[in-house]
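Open your viewer and get your selection tool ready. We will go from stop to stop, picking residues and helices and looking at what surrounds them.

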Amino acid sequence: MTDTRDTQGSLCLVTGATGYIGGRLVPELLDAGHRVRCMARSPEKLRDHPWAGRVEVVTGDVTDEDSVREAMKGVDVAYYLVHALTTGSGFEETDRRAAAIYGRRARSAGVRRIVYLGGLAPAGVPERALSPHLRSRAEVGRILLDSGVPTTVLRAAVIIGSGSASFEMLRYLTERLPVMVTPSWVRTRIQPIAVRDVLRYLVGSADMPEDVSRTFDIGGPDVLTYRGMMQRYATIAGLPRRLILPVPVLTPRLSSHWVGLVTPVPHAIARPLAESLRHEVVCREHDIAQYVPDPPGRPAGVDEALRLALQRVREARVTTRWSSASVPGAPSDPLPTDPDWAGGSLYTDRRQLSVDATPQALWRVIEGIGGDNGWYSFPPAWAVRGWLDRLSGGVGLRRGRRDAHRLRVGDSLDFWRVEEIEPGRLLRLRAEMRLPGLAWLEMYAERDRAGRTRYRQRALFHPHGLLGHAYWWSVSPFHAVVFGGMARNIARAAARESAGESAGRQPGTEPVPGPEGVSS
């Protein structure tokens with residue numbers, strides 16, 4: 001990798017480009033005239049982003065010093081947007097080690113600024129009394145500030161934006177519970193900020209003077225309680241006023257499970273969000289405006305931020321979601337290649353059907369699967385599997401889709417993730433539910449030798465140990481109902497889609513079938 005600092009435009013390294021903020025920051029930096037290099041553990045997840053052809057993508061991991069060294073070559077500004085929040089009990093040590101590597105390599109490479117997005121810490125609370133989440137964020141900021149590279153640490157509380165974990169938690173709690181018994185932290189004062197203002201401050205930080213190296217509190221103009229924010233959301237969404245009854249007995253641990261049951265946000269992510277709300281998080285200064293001036297009407301108020309986020313959700317224009325990043329502990333191995341797979345047992349369930357539809361109509365049904373569109377077979381079985389996954393600490397079936405009609409590599413799709421997509425031909429999903437092994441689901445739209453449209457489906461499972469083998473054989477009797485029903489219903493839906501297309505109906509308006517073709 002060559003040093004390119006002598007060419008026009010600052011080169012910005014975005015570490016964490018597959019995540020919620022990173023995926024939105026990249027196009028903002030490009031629009032501001034910067035050149036962008038993205039470092040990701042799984043670069044293929046960036047392939048289908050609209051801006052993918054305008055950036056350089058390198059493979060790297062912040063805990064791998066050699067890969068960080070390579071990624072830093074020629075970089076002017078390095079954005080650190082990663083954290084090891086849910087990687088287990090040792091996440092603080094992982095965060096500490098990764099930040100030290102990042103700062104050390106940035107200094108060696110001559111990077112002129114590091115920009116880090118951390119959490120807003122409460123005033124007057126000793127660091128040892130903070131939640132592990134906030135304590136680790138604060139420590140990472142200190143490590144980067146002590147790296148010898150001028151560093152901007154932006155500290156935000158609740159970030160409001162379509163697809164953010166904070167917004168999804170707020171939205172589902174408010175919409176699903178007209179009357180709720182809540183943890184006492186709903187009475188805590190917070191200062192939320194719109195994601196568009198977070199991005200504006202991140203981009204503007206690239207041009208700060210070299211002698212500026214410090215933390216900045218960033219927030220919107222409104223300070224309110226979480227309960228107040230729920231009521232504001234209800235008003236904006238056109239819902240009746242909610243009856244909210246705080247009780248002191250719900251600890252952050254218990255309340256995270258409560259959030260996990262009601263919302264798509266799993267308790268492993270809900271818990272640090274809940275813990276960060278135990279203390280008042282309000283900005284103590286707005287010095288950032290000296291270096292990144294606020295235009296008229298900015299930063300946005302909470303009502304505007306909520307309105308815009310809800311509008312984007314309703315219009316299916318969510319560019320990134322909290323689930324864009326991989327779920328810690330989920331399988332990351334690529335699909336074993338056939339027939340050369342030599343890694344042990346590989347169970348398969350194969351289905352194929354001729355379809356009375358065009359391949360284009362069949363592909364629209366395949367690409368539209370999941371989320372509100374359902375899985376085309378025996379909904380109670382999918383629902384039970386989703387609940388079991390959530391009870392065991394998994395992601396469950398309610399992550400939904402980023403877009404109702406289009407998928408891209410790296411998208412989360414309920415308890416699956418898109419591993420590969422060949423538009424018009426192949427959709428490959430990798431399971432992220434809790435399993436004693438690795439699992440994939442493939443769906444193909446193709447033509448047979450006679451030129452007829454054919455739907456082909458393949459489920460694969462690579463068991464881990466005896467438990468994995470037992471799992472496959474215990475569920476295999478249900479495959480005829482689940483996978484067989486899925487294949488038949490997808491074929492029927494495609495036939496209706498194709499017939500409707502011939503009749504002049506708008507593509508993609510076919511109702512989603514339930515088990516064996518019953519509309520649901």
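This is a predicted model: local features need pLDDT of at least 70, side-chain atom pairs count only at pLDDT 80 or more; totals for chains, interfaces and linings use all residues.

## Stop one: a buried arginine

Select Arg 24, which is buried (under 20% relative accessible area, with exposed meaning over 50% and partly exposed in between, using a 1.4 Å probe and protein chains only).

Residues are numbered from 1 along each chain as its sequence is written, and side-chain values use heavy atoms, with hydrogens and water left out.

Arg 24 sits in helix α1, residues 20-31; helices (H or I, at least four residues) and strands (E, at least two) are DSSP runs numbered from the N terminus. Which residues does Arg 24 touch, leaving aside those up to four places away in sequence? Show Ser 162, Val 195, Leu 199, Val 318, Thr 319 and Thr 320 to see them, with contact meaning heavy atoms within 4.5 Å.

## Stop two: a salt bridge within a helix

Next, pick Asp 197 and Arg 200, three residues apart in helix α6 (residues 195-205), or about one turn of the helix. They form a salt bridge whose closest N and O atoms are 3.0 Å apart. Asp 197 is buried at 1% relative accessibility, and Arg 200 is buried at 19%.

For another pair, go to Asp 349 and Arg 351, where the closest N and O atoms of the salt bridge are 2.9 Å apart. Asp 349 is buried at 9% relative accessible area, whereas Arg 351 counts as partly exposed at 23%. Then select Arg 417, Glu 419, Arg 430 and Glu 432 together to view a network of salt bridges. The structure holds 37 salt bridges.

## Stop three: a glycine in a loop

Gly 220 lies in the loop between β11 (214-217) and β12 (224-225). Is it buried or exposed? Gly 220 is buried, at 5% relative accessible area. Around Gly 220, display Gln 191, Pro 192, Ile 193, Pro 299 and Ala 300, which it touches, not counting residues up to four places away in sequence.

## Stop four: helix α7 and its partners

Now colour α7 (residues 226-236) and α10 (residues 302-314), whose axes come within 10 Å and cross at roughly 55 degrees. Axes are lines fitted to C-alpha atoms, for helices over the stretch in contact, and angles run from 0 to 180 degrees between N-to-C directions. That makes α7 oblique to α10, given that angles under 35 degrees count as roughly parallel, over 145 as roughly antiparallel, 65 to 115 as roughly perpendicular and the rest as oblique. Among the residues that meet are Met 229 and Tyr 233 in α7, and Leu 306 and Leu 310 in α10.

## Last stop: an enclosed helix

Finish at α11 (residues 359-367), where seven of the nine residues are buried, so the helix is largely enclosed by the rest of the structure. Trp 363 is one of those buried residues.

Terms used. Lys and Arg count as positive and Asp and Glu as negative; His and the chain ends are not counted. A salt bridge is a side-chain nitrogen of Lys or Arg within 4 Å of a carboxyl oxygen of Asp or Glu.
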